[in-house]
Amino acid sequence: MRPGWTVGLSLATLAVFMAFMTPIQILLPLQLEHIDPHDKNNALSLVTGLGALVAVVANPVAGALSDRTVSRFGRRRPWILGGAVAGAGGLAVTAAQHTVWGVALGWCLAQAGLNAMLAGVSTPVADRVPVEQRAQVSGWTGIMQSLGLVLGALITTLLVTGVWSGYGLLALLTVVLALPFVLRQREPALPRALRPAFDPRAFARTLWVSPRQHPDFGWAWLTRFLINLGNALGTLYLLYYLTDSVHYGDPGTGVLILTVIYTVCAALTAIPAGVLSDRIGRRRPFVVACAVIMGVAALILAFLHSWGAAMAAAAVLGAGFGIYLAVDQALVTQVLPVARDRAKDLGVINIANSGPQVLAPVLAAPIIAHLGGYTGLYLATALVTVVGGALVRRVRGVA
């Protein structure tokens with residue numbers, strides 16, 4: 001694929017992850033701490049958990065509908081733009097709320113729109129990119145996940161003041177950054193004769209991919225779920241970790257600094273790992289390596305509750321996650337069951353991204369309260385991540 005195509009897709013990916021991650025890491029904790037300072041942990045768990053539950057449903061459904069879209073603009077671009085607009089509206093609704101349940105409603109609306117957008121931006125690599133180039137392109141789009149949080153943190157801590165203005169600028173950028181790919185990159189339209197007939201029961205059945213019939217898909221899904229669960233456990237309470245355990249004076253700025261370190265290290269490993277993986281034609285060893293590296297970062301956070309240790313952990317975690325972003329996405333595109341359902345199947349895979357956001361708050365809050373505080377939380381993070389990396393060896397159809 002030409003560089004312009006990759007740049008356009010990367011900008012759209014940047015938009016969706018900036019809109020996803022910045023509220024989770026910064027805006028929602030600040031907003032909920034103001035609304036309910038005495039029960040902020042449980043409030044954050046409730047809001048992020050409900051939003052992730054919406055994401056679990058919205059992503060594969062939007063993907064399945066995208067696979068059936070016969071617009072002259074193609075199957076993916078209408079969902080990218082429509083999802084961006086809907087997600088921006090949800091962010092605006094979230095910003096206007098003054099109760100925990102109001103914030104939860106707004107965030108659920110944002111998640112629905114943003115996951116429709118994610119279904120659109122996740123699929124073009126599988127649709128259009130040759131296998132021997134996929135890890136490299138996935139490296140560029142994967143970096144956007146971390147870069148989105150950095151830019152979002154810069155916006156919400158340096159460029160604007162107040163939670164409402166942060167949400168508003170994020171909403172605007174979500175739409176603006178989607179436009180280059182939507183307007184400039186043409187996409188073949190799906191002929192109406194090739195669109196599957198819509199049967200609600202048959203449609204619902206397509207949302208299930210049998211791990212017995214497609215074991216590589218099942219193991220790839222479980223690997224991604226566990227690694228993302230570890231990542232969610234480790235990052236969900238980062239702002240509160242800096243406040244309550246590290247006792248950093250300005251935790252909002254601390255999150256920004258750690259995120260910059262994390263992103264720079266991820267960028268340094270993602271593209272080289274993608275190029276090397278494409279060149280030698282192997283994916284699984286890279287996934288195992290990234291899980292081990294991320295596990296080491298979690299152990300640092302578990303036992304060394306200091307600002308210096310937090311910065312070191314951010315660097316190590318970023319290096320590992322950069323490898324993961326490039327290579328795991330390429331691996332996943334090679335285990336999709338059938339070409340006609342790519343967006344839907346990638347939506348099912350993306351449940352392994354959003355599902356941990358539902359489970360992590362359920363696990364993290366009692367671990368912090370009853371099983372060793374932040375030390376117990378990060379030990380659980382290390383264990384889950386390493387087990388996830390080990391399971392990728394059960395994927396037989398990809399080297």
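Is C265 buried or exposed? In this predicted model, C265 has a relative accessibility of 18% and is therefore classed as buried, the cut-off being under 20%. The other cysteine considered here, C290, has a relative accessibility of 0% and is likewise counted as buried. For C265, the closest cysteine sulfur is that of C290, at 15 Å, which is too far for a bond. A disulfide would require the two sulfur atoms to lie within 2.5 Å. In keeping with this, the search of the whole structure returned zero disulfides.

The packing of two helices was examined next. Two packed helices are described by the angle between their axes and the distance between the axes. Helix α3 spans residues 77-95 and helix α4 spans residues 100-122; their axes are 7 Å apart and form an angle of about 165°. Angles over 145 degrees count as roughly antiparallel, and α3 and α4 are therefore assigned to that class. The crossing of α3 past α4 is left-handed. On the α3 side, the contact is made by W79, I80, G83, A84, A86, G87, G90, L91, V93 and T94. The α4 side contributes V103, G106, W107, L109, A110, G113, L114, A116, M117, G120 and V121. By residue class, the contact of α3 with α4 comprises 14 nonpolar and seven polar residues, with no charged residue. An α-helix has 3.6 residues a turn, so residues three or four places apart point the same way. Among the contact residues of α3 are G83, G87 and G90, and among those of α4 are G106, G113 and G120.

The loop between α2 (40-67) and α3 contains R75. With a relative accessible area of 16%, R75 is buried. Beyond its neighbours within four places in sequence, R75 is in contact with S66, D67, T69, D127, E187, P188, L190 and R340. Between R75 and S354, the separation is 279 residues in sequence and 23 Å in space, C-alpha to C-alpha.

Helix α10 covers residues 238-246, and seven of its nine residues are buried, so the helix is largely enclosed by the rest of the structure. The buried residues of α10 are L238, L239, Y240, Y241, L242, S245 and V246. H247 follows α10 and has a positive phi, near 60°.

Two further buried positions were found within helices. A326 is located in helix α13, which comprises residues 307-333. The relative accessibility of A326 is 0%, and A326 therefore counts as buried. When neighbours within four places in sequence are left aside, the contacts of A326 are A135, S138, G139, A270 and G274. A326 and L149 are 177 residues apart in sequence, and their C-alpha atoms are 17 Å apart in space. T6 is part of helix α1, residues 3-35. At 10% relative accessibility, T6 also counts as buried. Not counting residues up to four places away in sequence, T6 touches M1, V137 and W140.

Conventions
Residues numbered from 1 in each chain as written. Predicted model: local features only at pLDDT ≥ 70, side-chain atom pairs only at ≥ 80, totals over all residues. Heavy atoms only, no water. Axes fitted to C-alpha atoms, helices over the stretch in contact; angles between N-to-C directions. Helix = DSSP H or I, 4+ residues; strand = E, 2+ residues; numbered from the N terminus. Parallel < 35°, antiparallel > 145°, perpendicular 65-115°, else oblique. Left-handed = near helix turned anticlockwise from the far one by under 90°. Contact = heavy atoms within 4.5 Å. Nonpolar A, V, L, I, M, F, W, Y, C, P; charged D, E, K, R; others polar. Buried < 20%, exposed > 50% of the residue type's maximum accessible area, 1.4 Å probe, protein only.
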